[in-house]
Amino acid sequence: MVIETKATHVRRLSVRQLSKSFPGVRALSGVDLDVQGGEVVAVIGENGAGKSTLMKILAGVQSPDQGQILWDGHPVSFANTRQAMEQGIVLIHQELNLCDNLNVAENLFLGNYPSRGGLIDFWGMYRLARKSLEKVGLNVSPRLPLSRLSLGQQQMVEIAKALSIDAKILIFDEPTSSLSNPEAEALFRLIQDLKARGVGIVYISHRLSEVMKLADRVVVLRDGQNAGELPRSEVSHERMVKLMIGRDVSKLYVRQKNAIGDEVLRVDNLRTMAWPQHASSFHVRRGELVGIAGLVGAGRSELLRSIFGIDRSLGGTVRVGGQSLSLGSPQAAMNAGLGFVPEDRKKEGLVLESSVARNVGLAGLARNAFWGGWLNGRQELADTRQAMTDMRIKTPSPWQLVKFLSGGNQQKVVMGKWLALSPKVLLMDEPTRGVDIGAKQEIYQLMENLAAQGRGVLFVSSELEEIIGIADRVLVMHEGRLAGEVSGDQITEHAIMQLATGGSL
Ligand SMILES: Nc1ncnc2c1ncn2[C@@H]1O[C@H](COP(=O)(O)OP(=O)(O)OP(=O)(O)O)[C@@H](O)[C@H]1O
Ligand SMILES: [Mg+2]
């Protein structure tokens, strides 16, 4: 018996010999890519390799200088995102693309409000919004202002927005960098589901374990060119890294034995706005790398932000090198020798409209300014060049505007800015979010170097592997309080998860 299946038409998006330059940067040159309905193609590469640029061109955000886009074999060109969307090609951006001052539903339907008789149909809008939020498993009210959502939740809103359009090709540019583990798991299920329904997926990530889990094929970009391709059967961590950066980074965590010295940061009974009922006390010593682990929402970022004075705190004391700090003032915190690499670099870490040099110099303004108020431009430039080499920041010059750098390179600028100040204690919130594996290794090395110089590092990370790999001691938070502490050989995934989920050791 012959079972006849109706051949459904498989859509195919192809890119041929695509090139794109920006002043001083050749972002893409002669790139090819294919993706068809029902497959997941991962695109990987170092920071600045051209991944986001390629995707923006596919989605009509930017136009190529040269080359062709073929949709089902026919040449197409998209003058804007709307035209790409009409063909069913949707990009979920690396940096979120939502409006803070609108609510969830308004964001979902931005520019596309359901209407009745020429008026916005609010009732219908909220009903539809609830439906699309359900699809991505996001359980929040569509009337909530977007600013009240966590980064991860905002990401889910963006995904829900893409799904409300009948997407044929869905492009995810580093979707999990701001998701919690359960949120990421939910996303992976969603991707499998979309794939089964014939949607083609392009998936960009620096997390190679995710790539291994999801990808049917891995395409590697390097310096704006195709560096190779691996079918699922040939995908391994090692081969991906080799193709991406051409050197071995199997030793991601190279621990140094640093002499642990006196206490350099002391926090007593600190109470944050987010969790007023809990008071936190702990210390960091010179030469020590202290990690803060916990589930998303456990209060880790709030703790760092209160120490640095970005968030108001409700009580407690912070001492840096024995000196008590007046709380609630980042300026006072900086003067006392604290540095802070925030989680949301776009909002807090950088001035996007300024140059790399000015951003690196910003934290050091107090030091670099002459009494007459003139900037010490030479110091700024020297610091910047140092940061550019130390961290391998990919930019055509120190004067390039930060908004033109790739996501990972922006993160490196934030790091460079604080390193230039040589703080006594560096607070870091998700220090390696969005950076490639080579840069990760460099950031860990920089953290080690700080410790070796007798400075303290206090960092929050959601990547357990990273915490286990680099911390001398781990503070674990659960629902706003310090649930426990582990150090040395006690630092295991099991111990951390146990404490993070409210258990005991
Ligand atoms: N609008 C722009 N103006 C100038 N240069 C740009 C612009 N957009 C991107 N670039 C440059 O093009 C190169 C490729 O950037 P792209 O954002 O595509 O990298 P990426 O692979 O996505 O990196 P990451 O992993 O860090 O996100 C980088 O050197 C970047 O600085
Ligand atoms: Mg990118």
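How many aromatic pairs does the count come to? There are 4 aromatic pairs, where rings of Phe, Tyr and Trp (its six-membered ring) pair if their centres lie within 6.5 Å, with planes under 30 degrees apart called stacked, over 60 edge-to-face and the rest tilted.

A quick note before you click: this is a predicted model, where local features need pLDDT of at least 70, side-chain atom pairs count only at pLDDT 80 or more, and totals for chains, interfaces and linings use all residues. Residues are numbered from 1 along each chain as its sequence is written, chains are lettered from A and ligands numbered from 1 in the order in which they are written, and side-chain values use heavy atoms, leaving out hydrogens and water.

Select Tyr253 and Tyr444: they make a tilted pair, 5.1 Å centre to centre with 35 degrees between the planes. Tyr444 is buried at 3% relative accessibility, while Tyr253 is partly exposed at 24% (buried is under 20% relative accessible area, exposed over 50%, partly exposed in between, with a 1.4 Å probe and protein chains only).

Next, pick Phe308 and Trp418, an edge-to-face pair at 5.9 Å centre to centre and 90 degrees between the planes. Both are buried, and ring pairs link Phe308, Phe340 and Trp418 into a cluster.

Now show ligand 1. A polar side-chain atom of Lys51 sits 2.8 Å from one of the ligand's oxygen atoms, and a polar side-chain atom of His206 also lies 2.8 Å from an oxygen atom of ligand 1.

Methods: A polar contact is a pair of N or O atoms within 3.5 Å; within protein, one must be able to donate a hydrogen and the other to accept it, and residues adjacent in sequence count only if both atoms are side-chain atoms.
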